[in-house]
Amino acid sequence: MGSRTYNIITFGCQMNEHDSETISGMLSRLGYTEVPDREAADITVINTCSIRENADKRFFGTLGQLKKIKAVNPAQVTCVCGCMMQQEHVVREIKQSYPWVDIIFGTHNIHEFPQMLEELYRAREEEGRTEPLAGENMTPAEYNRAKHEIRSSRNTRVERIYEDSPEIVEGLPVNRKYRHKSFVNIMYGCNNFCTYCIVPYTRGREKSRHPEDILNEVRELACDGVREITLLGQNVNSYRGVSSETGRQWDFPELIYALDRIEGVDRIRFMTSHPKDLSDRLIKAFAECDSLCGYIHLPVQAGSSRVLKRMNRKYTREEYLELVRKLRDAVPGISISTDIIVGFPGESEEDFADTLSLAEEVRFDSAFTFLYSPRKGTPAAEMENQIPETVKHERFNRLVEVMNRCSSEKNAAYVGRVEKVLIEGEGREPGSLKGRTDSFKLVDFRGPADLIGEMVDVEIVDSNTFSLRGELK
Ligand code: 5AD
Ligand code: SF4
């Protein structure tokens with residue numbers, strides 16, 4: 001068992017990345033070792049994302065590659081999990097067109113993976129007894145061919161998917177990707193049902209962890225040398241964790257204040273927050289909590305109140321601008337990033353002009369811009385007046401131009417400043433390191449690799465659209 005290996009392929013957001021860290025943790029506990037080479041692995045896991053069509057396509061492309069590996073190594077265990085598995089039509093397609101997939105599980109039962117693996121091995125063993133026996137008038141070559149045919153036509157599959165789950169399973173092992181920083185889930189699921197979004201269907205309803213479970217996890221991480229934590233949730237602002245000690249409900253600002261008091265954690269970040277739930281108390285926490293970083297990811301999605309209404313975002317353009325004003329009043333120089341969707345059904349040229357003007361007005365530090373992608377089962381996919389691809393692309397390019405200009409200007413303003421940088425790893429060039437400022441800017445600079453994981457002072461000497469260049473002080 002000791003020499004068995006695995007490889008995990010992860011698509012999608014930080015939530016998925018963190019889930020993969022848990023899958024990795026469980027496999028390590030079972031004695032498996034991670035290998036970078038997919039072909040050599042005994043187990044491959046694809047953790048899928050369904051946020052846009054692009055992610056679906058990449059998943060099926062990867063499955064195609066795995067099929068070739070499986071032809072050579074039929075014993076490899078192929079597992080697929082994550083958001084796409086929460087959609088019936090996807091699972092149906094996998095079973096029809098990729099019958100050699102061995103294990104299928106969803107977003108609500110990652111913890112059952114070790115048990116499912118065991119079931120698969122047991123089933124395979126039992127199946128092995130039906131394999132032809134050598135010596136029954138067969139040459140070794142004939143025996144191997146027959147065995148291979150049986151294996152590749154085998155349809156033993158362990159499949160377990162739950163629509164939703166009220167419970168949160170605590171205490172699962174995690175293999176952290178970084179030594180000095182870590183994700184910490186504070187809540188799961190989403191109740192917002194933005195009309196374009198598949199997440200409420202794939203991740204279920206909101207559930208918050210007990211505050212004590214979160215605080216204990218962060219204390220342990222701090223003891224283990226973690227300096228920066230990123231709190232994860234689809235909408236962290238609607239965190240409502242019930243205390244396991246007092247039964248009282250905590251909200252997000254309360255959790256932040258408690259985390260800020262933990263010794264050893266220098267930086268706290270969170271994502272994602274929904275503008276409709278961004279409270280004045282949270283804005284105040286930015287000013288009062290030393291470890292809360294001067295950075296917020298605040299997806300606006302569109303600059304037109306008419307489109308925002310049809311997206312079911314529950315705020316207007318003006319309300320969003322007001323939030324930005326309040327944040328900048330409370331924390332001068334706070335860095336703000338956003339998500340924007342271009343080409344939502346019915347988006348007129350005027351609506352799009354509103355998005356451009358909002359971008360100019362806010363001057364985001366950075367932005368993730370997306371072409372609207374219809375998702376089966378969501379209300380927007382059924383809306384009339386879907387925007388032609390050519391129009392979407394043309395608007396997308398115009399928006400990216402504005403966004404990149406703002407990012408460049410924002411980054412240029414850092415030149416000459418000395419920033420505290422937490423070093424994440426080696427940089428692109430040999431002998432260089434990369435890290436992040438408090439405001440989440442990526443900085444490249446020369447320095448020795450033994451500084452990785454340390455917080456250092458770096459003077460910013462140059463900038464471009466997506467990063468800064470500096471010199472170690
Ligand atoms: N099409 C395009 N972008 C989408 N997003 C969510 N659903 C869709 C979709 N159907 C974007 C939103 C969200 C980010 C994670 O992905 O901007 O904030
Ligand atoms: Fe999707 Fe909206 Fe929930 Fe974010 S808040 S996950 S965009 S439904």
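E424 and R436 pair through their side chains in a salt bridge, 3.6 Å from N to O. Here a salt bridge is a side-chain nitrogen of Lys or Arg within 4 Å of a carboxyl oxygen of Asp or Glu. E424 sits in strand β17 and R436 in strand β18 (residues 432-437), so the pair ties together parts twelve residues apart in sequence. Strands are DSSP runs of E, at least two residues; helices are runs of H or I, at least four; both are numbered from the N terminus. E424 and R436 are both buried. Buried means under 20% relative accessible area, exposed over 50%, partly exposed in between (1.4 Å probe, protein chains only).

D444 and R428 form another salt bridge, at 3.4 Å from N to O. D444 lies in strand β19 (residues 442-446) and R428 in the loop between β17 and β18, so this pair joins parts 16 residues apart in sequence. D444 is buried at 14% relative accessible area. R428 counts as exposed at 70%. Shared partners also join E347, E349, E394, R395 and R398 into one salt-bridge network.

D457 and K420 meet at 2.8 Å, N to O. D457 is in strand β20 (residues 455-463) and K420 in strand β17 (residues 418-426), 37 residues apart. D457 is partly exposed at 32%, and K420 is partly exposed at 45%. The salt-bridge count is 39.

## Model and conventions

This is a predicted model: local features need pLDDT of at least 70, side-chain atom pairs count only at pLDDT 80 or more, and totals for chains, interfaces and linings use all residues. Residues are numbered from 1 along each chain as its sequence is written, and side-chain values use heavy atoms, with hydrogens and water left out.

## Nonpolar cores

The largest nonpolar core has 68 residues. Such a core is a set of buried Ala, Val, Leu, Ile, Met, Phe, Trp, Tyr and Cys residues joined through side-chain atoms within 4.5 Å. L231, F252, I256, F270 and Y320 have the most contacts inside the core. A second, separate core of 20 residues includes F60, L63, M84 and M85.

## Helix α7

Helix α7 (residues 211-223) has 13 residues. It reaches 18 Å from first C-alpha to last, close to the 18 Å expected at 1.5 Å a residue. The expected span is 1.5 Å times one less than the number of residues. Among its buried residues are I214, L215, V218 and L221. Just after α7, G225 takes a positive phi of about 95°.

Key. Chains lettered and ligands numbered in written order.
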